[in-house]
Amino acid sequence: MPESKLLEPALLWSGALRRKTGANAAFKQWLCQAAQHPVTRKSIQSWFAEFVTSPTSPALPEVRQALRQLRERVFFTLMVRDINGDAPLAEVVEGMSALADLAIAQSYRCVAAELAQTHGIPMDPGTGLPQEMLIVGMG
């Protein structure tokens, strides 16, 4: 499908997408390519790795910026695929869940490392083993 035809339906629905692609030709070109393929956990991890210099231990400011850029890629790619009828519901739900999982995991790693540097690693007084921070989702 030609670039203009691929994005056209989503551009009719989304002012945010119109502004983004109008202001950033490189992103528009990237989106035209990305929207031709399913959004998977692997593709989301790959996109995140493009935004950080060290995927194993990026600093918090770098993670924040990378997650903002990643969210934009995932949202717009899924939007185009969904509006065009190319993404089944499962792809959209799994893609958004994969983005959330990655965002929580990366944020946790950064914050836990910073807290450990400042306060030390919390230890279980009963076992003497390190304790992990717990993340509880409520909503």
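Which residue forms a salt bridge with arginine 81, and how far apart are the closest N and O atoms? The legends below take that pair as their starting point; the model is a predicted one.

**View 1. Arginine 81 pairs up with glutamate 91.** The partner is glutamate 91, and the closest N and O atoms sit 2.7 Å apart. Arginine 81 belongs to helix α5 and glutamate 91 to helix α6, so this contact ties together parts ten residues apart in sequence. Both ends are tucked away: arginine 81 is buried, at 5% relative accessible area, and glutamate 91 is buried too, at 8%.

**View 2. Arginine 73 reaches for glutamate 50.** Here is another of the four salt bridges in the structure. Its closest N and O atoms are 3.0 Å apart. With arginine 73 in helix α5 and glutamate 50 in helix α4, the pair ties together parts that are 23 residues apart in sequence. The arginine counts as buried because its relative accessibility is 10%, under the 20% cut-off. Glutamate 50, at 49%, counts as partly exposed.

**View 3. Glutamate 72 meets lysine 20.** This salt bridge has its closest N and O atoms 2.9 Å apart. It links distant parts of the chain, 52 residues apart, with glutamate 72 in helix α5 and lysine 20 in helix α2. Glutamate 72 is partly exposed, with a relative accessible area of 27%.

**View 4. Helix α2 has a buried side.** Zoom in on residues 15-23 and you'll find Leu17, Lys20 and Thr21 buried. Looking down the α2 axis, the buried residues fall within an arc of 90°, so they line one face of the helix. Turned away from that side are the exposed residues Arg19, Gly22 and Ala23. At the start of α2, a side-chain oxygen of serine 14 comes to within 3.4 Å of the backbone nitrogen of alanine 16.

**View 5. Isoleucine 44 sits in the largest nonpolar core.** This core has 20 residues, and Ile44, Trp47, Phe48, Leu67, Leu70, Val74 and Leu102 touch the most other members. Helices α4 (41-51), α5 (60-83) and α6 (89-119) each give two or more residues to it, with the largest share, seven residues, coming from α5. Leaving out residues up to four places away in sequence, isoleucine 44 touches Val39, Leu70, Val74, Gly95, Ala98, Leu99 and Leu102.

View 6. Cysteine 32 counts as buried at 1% relative accessibility. Cysteine 110 counts as buried as well, at 6%. As for disulfides, the structure holds zero.

Conventions: Residues are numbered from 1 along each chain as its sequence is written. This is a predicted model: local features need pLDDT of at least 70, side-chain atom pairs count only at pLDDT 80 or more; totals for chains, interfaces and linings use all residues. Side-chain values use heavy atoms; hydrogens and water are left out. A nonpolar core is a set of buried Ala, Val, Leu, Ile, Met, Phe, Trp, Tyr and Cys residues joined through side-chain atoms within 4.5 Å. Buried means under 20% relative accessible area, exposed over 50%, partly exposed in between (1.4 Å probe, protein chains only). Helices (H or I, at least four residues) and strands (E, at least two) are DSSP runs, numbered from the N terminus. Contact means heavy atoms within 4.5 Å. A disulfide is a pair of cysteine sulfur atoms within 2.5 Å. The arc is that of the directions from the helix axis to the C-beta atoms. A polar contact is a pair of N or O atoms within 3.5 Å; within protein, one must be able to donate a hydrogen and the other to accept it, and residues adjacent in sequence count only if both atoms are side-chain atoms. A salt bridge is a side-chain nitrogen of Lys or Arg within 4 Å of a carboxyl oxygen of Asp or Glu.
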